[in-house]
Every structure is written in structure tokens, then in C-alpha cells.
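Hello! Here is the structure I promised to pass on. My notes on what turned up in it follow below.

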Amino acid sequence: MTDIKLNNSTLATASGSTVTIDSGVKFPAGHVIKTITNETATEYTCNNATDWFELTDLRLYITPTILNSKLLIALNGVAKMGVTSGNMRLDAKITIGGSDIQLFYGIIFLNTNAIDDEAGWVHINKFYQHGQTSSFGQLQIDFHIKKGSNIGPYSDTAFNWNGAGTNYASSYVMEIAP
């Protein structure tokens, strides 16, 4: 085992072909510590304004490594809605460990009095302070969608809509140094 030191403080330890940065090393503020990504071609349809529908293939797991770091959580994909009359709205939310951390109302919203279909690229994100101070545990991050309530009758509601060919939705989380 070989240590890399500066002024008698260990910066990193080498064991075989693995080099591990010491936990006492302070990264510059805003430095990305790690990134976890996920991608799917799965289309999720949701025609319920009451229950949240989980985007299971986009679930992420991360174990923070630095005290007071923040997580940048993001979801990207094509959302599509159709309506026969009135308004249309698609809502989304992010949960960690089953608890809501952010609700996004009206990621697609349109007021129309005609038959209409709308599709577009959606990007939602949230900075989250994980609050773990020691014995860092794994966090499960999930994304959910549902139709907006009090909205006109729908013909179709989908996230990662594949009506015009295969689309790929992605999710990611970055741990960012404080």
C-alpha cells in the first residue's frame, strides 16, 4: 500500500491498481463528486388524475460521500398529451425514499377548446440537500407522473412517448461538493 501525502497529510492511498482519495480531502465548491445515470426506451402511459404513476425504469440509487454535499436530480424525456376539449396538464414529482421532495405542476399545460395533441421535450430538476452527516446511507430516487386534475377529457397521456419513433428518457443525479 502506497500513500500520496502533502505536508504529512494523506491525499490518496494506492492498493494494487486502485487509488482511493482520502476522506479528509476537500473538493472545491461546485465540484461534481459523482454522477449516476439511467436511460430507458420504455413509454409510460398514465390516464389517471388521482394516482401517481412511477417511472420505474428511471429509478436511481446514490450513496452520498461528502458531508453537506448537494444532489442535483434531473429527469428528461418527451411528454405527450391529447385532449378532446378544455385544458390539459401533466404533473410530475420526485421522491427520495418514498417521501415527496418536489412537485412539478403543469410540466405540460394548454388551454384549448378543440381536439388537440401536444408533445414536447421535458426537463425537470431539483437541488436537494441530503442532510446525512455520518454513516452515509443509500438513497432511492424515484420519478412519478399523473394527469392534472379538473382538466378536460383526454385521449392520451404519456411520458417518453414513442408515437413518432423510439425515444429515450434519462434520469441522473450528481453529488456536488459544498
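Phe 53 counts as partly exposed because its relative accessibility is 34%; the scale used here calls a residue buried under 20% relative accessible area, exposed over 50%, and partly exposed in between, with a 1.4 Å probe and protein chains only. Tyr 44, at 4% relative accessibility, counts as buried. Phe 53 and Tyr 44 form an aromatic pair, with 6.0 Å from centre to centre and 65° between the planes, which is edge-to-face. For such pairs, the rings of Phe, Tyr and Trp (its six-membered ring) must have centres within 6.5 Å, and planes under 30 degrees apart count as stacked, over 60 as edge-to-face and the rest as tilted. By this rule the count is one aromatic pair.

Before the rest, a word on the origin: this is a predicted model, in which local features need pLDDT of at least 70 and side-chain atom pairs count only at pLDDT 80 or more, while totals for chains, interfaces and linings use all residues. Residues are numbered from 1 along each chain as its sequence is written, and side-chain values use heavy atoms, with hydrogens and water left out.

Now to the charged side chains. There are three salt bridges in the structure, each defined as a side-chain nitrogen of Lys or Arg within 4 Å of a carboxyl oxygen of Asp or Glu. Which residues are linked in a network of salt bridges? They are Glu 54, Arg 59 and Asp 142. Between Glu 54 and Arg 59, the closest N and O atoms are 2.3 Å apart. Arg 59 also meets Asp 142 in a salt bridge, at 2.5 Å from N to O. Arg 59 lies in the loop between strand E6 (53–54) and strand E7 (60–62), and Asp 142 in strand E12 (residues 139–147), so this pair ties together parts that are 83 residues apart in sequence. (Strands here are DSSP runs of E with at least two residues, and helices are runs of H or I with at least four, numbered from the N terminus.)

Lys 93 is buried, with a relative accessible area of 10%, while Asp 100 is partly exposed at 45%.

Three strands make up an open, antiparallel sheet in the order E1-E2-E3, where two strands pair if DSSP finds at least two bridges between them. Its edge strands are E1 (2–6) and E3 (18–21), each pairing on one side only. From one strand to the next, the twist averages 20°, based on axes that are lines fitted to C-alpha atoms (for helices, over the stretch in contact), with angles from 0 to 180 degrees between N-to-C directions.

E1 is joined to E2 (residues 9–15) by five bridges, and Leu 6 stands opposite Ser 9 in E2. E2 and E3 form a hairpin with two residues between them, and Gly 16 in the turn has a positive phi of about 65°.

Enjoy exploring it!
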